[in-house]
Amino acid sequence: MKILLTLAKLFFNMAQIHPKTTPIYQTSVFTFDDLNALELYFAEPGQSYMYSRYGNPNTEELAEEVNKLEEGLGAVVTSSGMSAILAAVLAICKAGDHVLCAEEIYGGSSALLTQELTRMGLEVTFVPSEDTYTLAGYVKANTRLLLAETMSNPLLQVLDLQRLAAQTRAHGLKLVIDNTFATPVLTKPLGLGADLVIHSVTKYLSGHSDVTAGVVVCKEAGDLQRITQVMRTYGLNLSPFEGWLAARGLKTLRLRMRQHCNNALAIATYLQNHPKVEQVWYPGLEQHAQHELARLQGQGMFGGMLSFRIKNDSEAVNRLMQALQQIVFAPSLAGVSTSISYPLGTSHRSLSPQQQQKLGITVGLIRLSVGIEEPEELIADLEQALASI
């Protein structure tokens, strides 16, 4: 009797607990009372949980919050940005189908399409930048989708999403947009005509360089159902702890993005006027080819990513990296701390030399992910490092 009273008191006290933030449900499996509860799980999806590969409160919280930001019908979180792209493509395409992809895109996306998905029977065609809005010459009877980025990696080409969506609608294609660089704080692609939006949650959404995750946001119920099935069947799910960390990071996204954008504009302006910098790619600069489009599509903000080119000398690039004291050399992006990367040797390494040259991925190209530190400190670090070359 004493044990029963103790247990009753414990459960009563637990019922009074109202956590301000969602606890971590670090469990792989959930229990049922009986067969009736099991059947209820399948009869009323979303009312309970069975297995964390199928769903978990932490990962579903993250999906719901990103979906709200992107103003979609629903979202599915995945184990990485690459698995988000994989889930989106596999949800729409099958063996024998044809995929279009913007020519200027993250090298990992390109490698996924050309090195792996072609082995599964998909056909892939890259659309040159000059033909982005004239797809007729590239669309076939079996073409199913176009994959592109709001802001391209690494040279920050800004796509007119409404114009692009008009093209894909005219040809009956799904438009899949990777919105990682812009984030929904700047641009909401679904509202501009996209069918699916992808994020590497690893980057700005989580924001602290301590999570690897992805998400796909959908506009239509059929797409959401298919992507959920692909995620579960292929095991592309996110762990509960990663989901919890990412949801926590998401809470400061708006604040962080404002500082990222302000800092990036200040640094891009500085670099543009430096004698050792040959070119700067940043949509916030008036000289950028899509500056006005970026201003309108980005709510007056231009993102925290920029690229610049010094002389095409690998030793000069190496000296610059070695001389930096605050800015670190890292292959990823979008953390609160500023970092640089080298597209030729990392993100776009898998491209052929001809592809790299055509896209402008040269020896002297450096990508800068601008953090939220004081901009004066970052400019001082760049100043002394540029003096070393």
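**View 1. Confidence across the predicted model.** In this predicted model, the chain averages a pLDDT of 93. At least 70 is the score of 96% of the residues. Residues 4–8 stand apart from that average: their pLDDT stays under 50. For this stretch the model has zero contacts beyond four places in sequence. Where pLDDT is low, predicted coordinates should not be read in detail.

**View 2. Y282 in its loop.** Y282 sits in the loop that runs between β8 (279–281) and α11 (291–297). The relative accessible area of Y282 is 1%. Y282 therefore counts as buried, the cut-off being under 20%. Leaving aside residues up to four places away in sequence, Y282 touches C261, A264, L265, A268, H288, F302, G303, M305 and L306.

**View 3. The polar contact between Y282 and G303.** A polar atom of the Y282 side chain lies 2.6 Å from the backbone oxygen of G303. G303 is also one of the residues that Y282 touches.

**View 4. H291 in helix α11.** H291 belongs to helix α11. Its relative accessible area is 15%, so H291 is buried. The side chain of H291 reaches the backbone oxygen of L285 at 3.3 Å. With residues up to four places away in sequence not counted, H291 touches P283, G284, L285, E286 and F302. F302 is likewise touched by Y282.

**View 5. Y282 and A91.** These two residues are 191 residues apart along the chain. Their C-alpha atoms are separated by 34 Å.

Technical notes
Residues are numbered from 1 along each chain as its sequence is written. This is a predicted model: local features need pLDDT of at least 70, side-chain atom pairs count only at pLDDT 80 or more; totals for chains, interfaces and linings use all residues. Side-chain values use heavy atoms; hydrogens and water are left out. Helices (H or I, at least four residues) and strands (E, at least two) are DSSP runs, numbered from the N terminus. Buried means under 20% relative accessible area, exposed over 50%, partly exposed in between (1.4 Å probe, protein chains only). Contact means heavy atoms within 4.5 Å. A polar contact is a pair of N or O atoms within 3.5 Å; within protein, one must be able to donate a hydrogen and the other to accept it, and residues adjacent in sequence count only if both atoms are side-chain atoms. pLDDT is the predictor's confidence in each residue, from 0 to 100.
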